[in-house]
Amino acid sequence: MSRNMLGRRKSLLGLTAGLGTLSMPFIRTAHAAGTPVKLVTSWYAQAEFGGFYQALAKGYYTREGLDVTIEAASPQMNVPQLLAAGRADFITGYDFQLLSAVASGIPLVAVASTFQHDQQGLMTHAGVTDLQQLKDHPILIASSSHATFWPWLKKRFGYTEEQARPYSFNLQPFFFDKSMAVQAYASSELWDAKLKGMPVEFFLFKGLGYPPYGAPMVTTQQMVKTDRVKVNGFVKASLLGWNDYFQDPAPGNALILKANPNMTPEHLTFGYEGLKKANVLLSDDVREKGLGTMTIARWQATRNFMVSQNLLPADADWKSAFTTEFVDNLRIMPT
C-alpha cells in the first residue's frame with residue numbers, strides 16, 4: 001500500500017469525531033427481538049429507499065432474526081465513513097465511492113445491488129434536445145459529483161471545468177437562469193420543478209452509457225467474514241421488501257412519511273411512480289439470476305470507466321469491492 005493510500009485510509013477511519021449526527025428520525029421494528037442491525041441510507045427517507053422500509057413494515061427483517069433500525073444521513077454526511085467507523089452495519093452506497101475506498105485500503109464490500117442502474121441525470125430547461133447544446137452553459141454540480149459523473153460528462157460532451165457551479169441542493173439559481181442545467185434525480189429535482197410550474201427536460205445518464213449500479217447494499221469485509229448469517233438475512237429480507245414494495249407500497253410509504261416529516265404523500269407517490277416506470281429493479285441479469293444480482297462484467301465496466309477518467313488507479317483491486325455470493329444463492333425472482 002502506498003503512503004498516499006495509507007494516509008487516505010487513516011484519514012477515513014479516524015474521522016469519527018467529525019462525522020456529526022444523523023438529522024432525521026430513525027425507524028426500527030416495533031418490539032422486535034433479534035440481532036441489532038443499523039442501515040444508514042445515503043439520503044433522507046424517500047421512495048428510493050422504499051423497499052427497505054417495506055421490509056421493516058412487513059416483518060421480513062424480523063423473520064430473519066434481525067432487529068433493524070433505518071437511519072437517514074443528511075446531504076453533508078459521508079456515509080461510507082460511518083460504515084468504516086463502525087456506526088452502521090450496512091449502507092446504501094455508490095459504486096464510485098466504494099471502488100475508491102477499496103483502492104485506498106478501506107475494507108468495504110457491496111453484497112447486492114438495489115437498482116440495476118444509477119438514477120442520476122441532468123435537468124435542463126425546456127427546449128434542450130441534446131446535452132451537446134449545453135457547451136458553455138453553467139451546470140450546477142455537487143462537490144461529490146466531481147469524482148463521479150462530471151469527468152465523464154466533460155469528456156463525452158466537451159464541457160469545461162469553468163461550466164461547473166456549486167450545487168447546494170437549492171434550485172433557485174436554476175429557476176432564475178434559463179441557460180442553466182443541474183444534476184438531478186427524477187423523483188427529487190423534477191418534483192420541485194413541477195411544483196414551481198417550470199417546464200424542464202430530463203436526461204438520464206443510464207441511456208447515455210453511464211455504467212454504475214444504483215445504491216448497492218454495502219457492508220464491511222469483516223462483516224462478510226464473521227457474520228454471514230446476518231448478511232444473508234439482511235440481503236434476503238431487503239430484496240423481498242423491494243419486490244413487495246412495487247406490488248403495494250402503502251406499508252413502506254407509511255414508514256417513510258413517519259421518518260421524513262418534510263416528505264408529502266404527493267411527492268412520495270411521484271417518486272414511486274417514477275421508479276416503477278423506470279423498472280429500476282429489472283435487467284436481463286435479474287430475469288436470469290434474481291433481484292439484487294451483480295455481475296463481474298458490470299463492475300468491470302464501472303472500473304474501466306473510472307480508470308479511463310483517472311478516477312481509479314489501473315492496478316486497484318476492484319474485484320474485492322463486491323461479492324455476488326449472497327444474491328447468487330438467494331435467487332429471489334421478480335414478480
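Author: Helices (H or I, at least four residues) and strands (E, at least two) are DSSP runs, numbered from the N terminus. Two strands pair if DSSP finds at least two bridges between them. Residues are numbered from 1 along each chain as its sequence is written. This is a predicted model, in which local features need pLDDT of at least 70, side-chain atom pairs count only at pLDDT 80 or more, and totals for chains, interfaces and linings use all residues, while side-chain values use heavy atoms, with hydrogens and water left out.

Reader: Thank you. Which residue is the bridge partner of Val40 in strand 3?

Author: Val40 has Glu71 as its partner there. Strand 2 (residues 35–41) and strand 3 run parallel, joined by seven bridges.

Reader: And how does strand 1 pair with strand 3?

Author: Strand 1 (residues 27–28) pairs with strand 3 in the antiparallel sense, over two bridges. In this pairing Ile27 stands opposite Ile70.

Reader: How many residues of strand 3 are buried?

Author: Seven of the seven residues of strand 3 (residues 66–72) are buried, so the strand is largely enclosed by the rest of the structure. Buried means under 20% relative accessible area, exposed over 50%, and partly exposed in between (1.4 Å probe, protein chains only). Leu66, Val68, Ile70 and Ala72 point one way, whereas Asp67, Thr69 and Glu71 point the other way. In a regular strand the side chains alternate between the two faces of the sheet.

Reader: Changing topic: in what order do the five strands of the open sheet come?

Author: The order is 8-7-9-6-10, with mixed pairing. Strand 8 (164–166) and strand 10 (200–204) are the edges, each pairing on one side only. Neighbouring strands of this sheet are turned by 40° against each other on average, direction ignored. For such angles, axes are lines fitted to C-alpha atoms, for helices over the stretch in contact, and angles run from 0 to 180 degrees between N-to-C directions.

Reader: What packs on that sheet?

Author: Helix 6 (residues 149–157) does, touching strand 6, strand 7 (139–141), strand 8 and strand 9, and its direction makes about 155° with that of strand 7. Helix 8 (residues 189–196) lies across strand 6, strand 9 and strand 10, running at about 115° to strand 9. Contact here means heavy atoms within 4.5 Å.

Reader: How do strand 6 and strand 9 pair?

Author: Strand 6 (residues 120–125) and strand 9 (residues 181–185) pair in the antiparallel sense over four bridges. Met123 has Val182 in strand 9 as its bridge partner.

Reader: Now the helices. At what angle do helix 2 and helix 10 cross?

Author: The axes of helix 2 (residues 50–57) and helix 10 cross at roughly 105° and come within 7 Å. That makes helix 2 roughly perpendicular to helix 10; angles under 35 degrees count as roughly parallel, over 145 as roughly antiparallel, 65 to 115 as roughly perpendicular and the rest as oblique. From helix 2, Gly50, Gly51, Phe52, Gln54 and Ala55 take part, and their counterparts in helix 10 include Phe234, Ala237 and Trp242.

Reader: Is helix 10 mostly covered or exposed?

Author: Helix 10 is mostly covered, with 13 of its 18 residues buried.

Reader: One last topic, the loops. Is Ser113 buried or exposed?

Author: Ser113 counts as buried, at 0% relative accessibility. This residue lies in the loop between strand 5 (108–112) and strand 6. Leaving aside neighbours within four places in sequence, Ser113 contacts several residues, including Tyr213, Leu239 and Thr293.

Reader: And which residues does Gln46 contact?

Author: Beyond its neighbours within four places in sequence, Gln46 is in contact with Ser188, Ile256, Met263 and Leu268. Gln46 sits in the loop between strand 2 and helix 2 and is buried, with a relative accessible area of 11%.
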